[in-house]
Amino acid sequence: MKLLRSSVLFPLLLAWAAMAEEKAPVPAPAPAPTAHHLAVESEKVPVELEWERIAGAKFYETEFQNYEGKTLAVFKSPNNVFKFKFKVGRYKVRSRVADDRKVYGEWSVLTEFTVQPKPAKLPEKAVATKGVIDPKTLTGEVMWHWGEAPGATQFRVKVTDQNGQSVCEELIKGFAYKTHLKAGTYTATLTSVGADGIESEPVTLPGQAVIETVQLEKPVFAFEEVPDVTDPKLKTHRLPQTKGVPTLRWKATSTVADTVGTLEYRYFFGDEWIPVDKFTSKNAKEVILDKAMKPGRYRITAWAESAGLKKSEATTYEFVVKPTSY
Amino acid sequence: MKALQTAIYLISLLCVMRAPAVEVKSPQERENTYTVGPHSGGVDLSAAFSNKSKACESFKEFQTAYEGLMQDRDLALGEEKGARLSLQISKGCNGSANRFFKAYEMMKKTGVALTKAVEVGLDFAVLDDERLNNFNEVFAKMYLESVLDFDFATAYKVSFQLSRDYEGKAKDVREDFIKLVKFCTHNDKAALPLRQCAELALKIVDHTPKFPGGLYDSFEKFYTFLRADKRMGLSVIDSLNLVPKVFAYGPKAPENFQAAMEYALGSNKITIDHTNAMNLALRLAKQSLPPQGKEDLDEAPKK
């Protein structure tokens with residue numbers, strides 16, 4: 001008996017049977033939260049417990065105790081592997097073996113043992129996103145989803161970017177996680193969380209969320225209509241004036257982007273455009289081109305730009321400033 | 001004999017020296033468009049040398065040009081380049097420096113590249129004051145937003161057409177053009193769109209050299225006849241388009257045209273419809289010019 005008792009080894013392998021099952025997950029293209037349910041704390045989860053094989057042992061017993069020393073359950077097995085269901089929690093376990101006469105040896109020493117919730121069942125593709133950001137918010141919506149997990153009362157989702165930096169982490173009581181992320185490539189890991197905050201090993205949700213930036217729309221200048229000098233019946237347009245100074249206004253002001261641009265000057269018969277000024281709208285609705293006072297030809301080139309977005313194509317406009325007298 | 005050779009040499013030298021960069025007639029040649037006399041087209045050297053007031057104050061022009069150029073911070077010419085340019089300017093004889101700066105400053109103020117502004121200044125330095133006035137006045141009127149507000153290219157082109165490149169008396173064409181544009185854009189008169197008006201005015205002033213003192217008075221009279229006489233039945237545009245066709249044949253042509261129309265439509269002496277009356281009037285307008293050799297006459301007017 002001593003030999004047997006002394007031969008009783010500590011658990012060598014505490015493995016989740018479900019892990020093997022997850023190798024061939026069932027495709028689940030869209031989350032169906034109503035089909036899943038979260039575990040209640042009393043729910044039992046499959047446990048597989050393996051002790052080291054003892055030579056000559058014909059019967060094995062494993063006893064579960066709580067931390068107060070109260071025996072909660074005793075499981076029997078003809079071999080060193082135990083398969084049963086038990087509640088998620090932290091326990092103390094011990095084992096003993098018997099020979100073919102069913103004469104048991106002494107119990108082994110108590111060992112701490114944790115029954116973890118199982119990882120969630122994972123769909124083939126767990127992430128859904130439009131793949132581009134919304135120019136107004138500079139973020140794109142991403143949604144991850146997963147299946148139920150025995151023993152899990154909630155899930156911890158951790159999102160990391162392409163550099164491995166954690167960008168968000170949340171506890172979710174459900175089977176989907178929706179968030180808004182900046183342009184980038186993201187992966188998410190999922191941990192089942194059961195009673196007493198006991199967590200499963202993290203699993204990586206299949207698929208990457210790739211969110212690309214978008215190109216801003218090019219700015220549209222606002223013009224004022226004036227009668228065409230060559231034919232009063234016709235209308236022509238020109239830049240609005242502020243006390244005689246050409247003024248740049250936009251038809252639609254962007255909340256996320258600045259309109260940035262250059263003002264260039266060119267002499268009549270001149271060969272090149274000469275930079276005169278740079279401007280940026282910031283929050284302003286107009287830019288008074290006070291550097292466009294010298295008579296001659298001018299060209300405005302303006303585009304929208306914003307951090308995290310591709311700058312827009314440029315809008316150009318040429319105009320002439322005439323002297324007021326000779 | 002030797003004196004004659006010297007005179008020929010001096011004449012040819014003078015001609016070479018006074019030849020402007022642009023191949024144009026001399027101011028005197030152009031201004032004498034209407035003069036038919038024994039001395040036209042030639043230069044009387046003795047008269048030129050004896051008349052001190054007409055001789056060129058070349059040093060004064062050079063000095064004025066040089067000092068003006070040295071003060072121009074935009075050009076920033078060194079002394080050598082300044083002197084070279086001043087020498088070119090002073091070739092235009094009396095008033096050349098003043099003409100240079102007036103044309104140059106105007107172009108500079110417009111925003112023309114300095115090299116081009118200098119080029120324009122040089123063009124007018126070697127021409128006369130009237131031509132410069134044409135250029136400056138026509139350009140200012142056509143280009144300024146407060147007047148005709150044409151684009152630069154059109155204003156520039158037309159201004160040269162009516163000044164440097166104009167073959168005739170500069171003052172006449174300037175006044176004709178300005179008056180015609182005023183007339184055809186005026187609400188009480190033709191009220192044409194500006195561009196159309198300017199184009200028509202340019203077609204009409206093509207014939208100004210044929211009208212001593214300008215053609216505006218003849219134009220106004222002729223246009224009034226075309227529009228006021230109901231028998232003509234011509235619109236504003238038709239009337240204005242008819243003007244250059246008639247005026248092409250000189251100052252007597254409108255008078256002949258009008259007389260022919262009145263005779264054809266208003267008298268009982270000839271029975272003719274409106275189309276044939278017009279043909280007859282145009283034909284007689286064409287015959288207003290003295291015959292210049294054998295001309296292939298059109299077929300007889302249709303009855």
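Helix H13 of chain B runs from residue 236 to residue 247, twelve residues in all. Keep in mind that this is a predicted model. From first C-alpha to last, H13 reaches 17 Å, close to the 16 Å expected at 1.5 Å a residue.

Which residues of H13(B) are buried? They are B:Leu240, B:Leu242, B:Val243, B:Val246 and B:Phe247. Looking down the axis of H13(B), these buried residues fall within an arc of 160°, so they line one face of the helix. The face turned away from that buried side carries two exposed residues, B:Ile237 and B:Asp238.

What do the buried residues of H13(B) pack against? Five helices of chain B: H10 (170-185), H11 (194-205), H12 (216-228), H14 (252-266) and H15 (274-286).

Now confidence. Chain B averages a pLDDT of 82, with 79% of the residues scoring at least 70. Over residues 6-24 of chain B, though, the pLDDT is below 50, and this stretch has eleven contacts beyond near neighbours in sequence. Residues 296-303 of chain B are also below 50, with seven such contacts. Where pLDDT is low, the predicted coordinates should not be read in detail. For the model, the scores are ipTM 0.75 and pTM 0.65.

Last, one position in chain A. A:Ala257 sits in the loop between strand S19 (245-249) and strand S20 (258-266). Is A:Ala257 buried or exposed? Buried, because 22 other C-beta atoms lie within 10 Å. Leaving aside neighbours within four places in sequence, A:Ala257 contacts A:Leu216, A:Ala304, A:Glu305, A:Ser306 and A:Leu309. A:Lys282, 25 residues from A:Ala257 in sequence, is 8.1 Å away in space, C-alpha to C-alpha.

Technical notes
Residues are numbered from 1 along each chain as its sequence is written. Chains are lettered from A and ligands numbered from 1 in the order in which they are written. This is a predicted model: local features need pLDDT of at least 70, side-chain atom pairs count only at pLDDT 80 or more; totals for chains, interfaces and linings use all residues. Helices (H or I, at least four residues) and strands (E, at least two) are DSSP runs, numbered from the N terminus. The expected span of a helix is 1.5 Å times one less than its number of residues. A residue is buried if 20 or more other C-beta atoms lie within 10 Å of its own, exposed if 12 or fewer, and partly exposed in between; C-beta atoms are placed from the backbone. The arc is that of the directions from the helix axis to the C-beta atoms. Two residues are in contact if their C-beta atoms, placed from the backbone, lie within 7 Å. pLDDT is the predictor's confidence in each residue, from 0 to 100.
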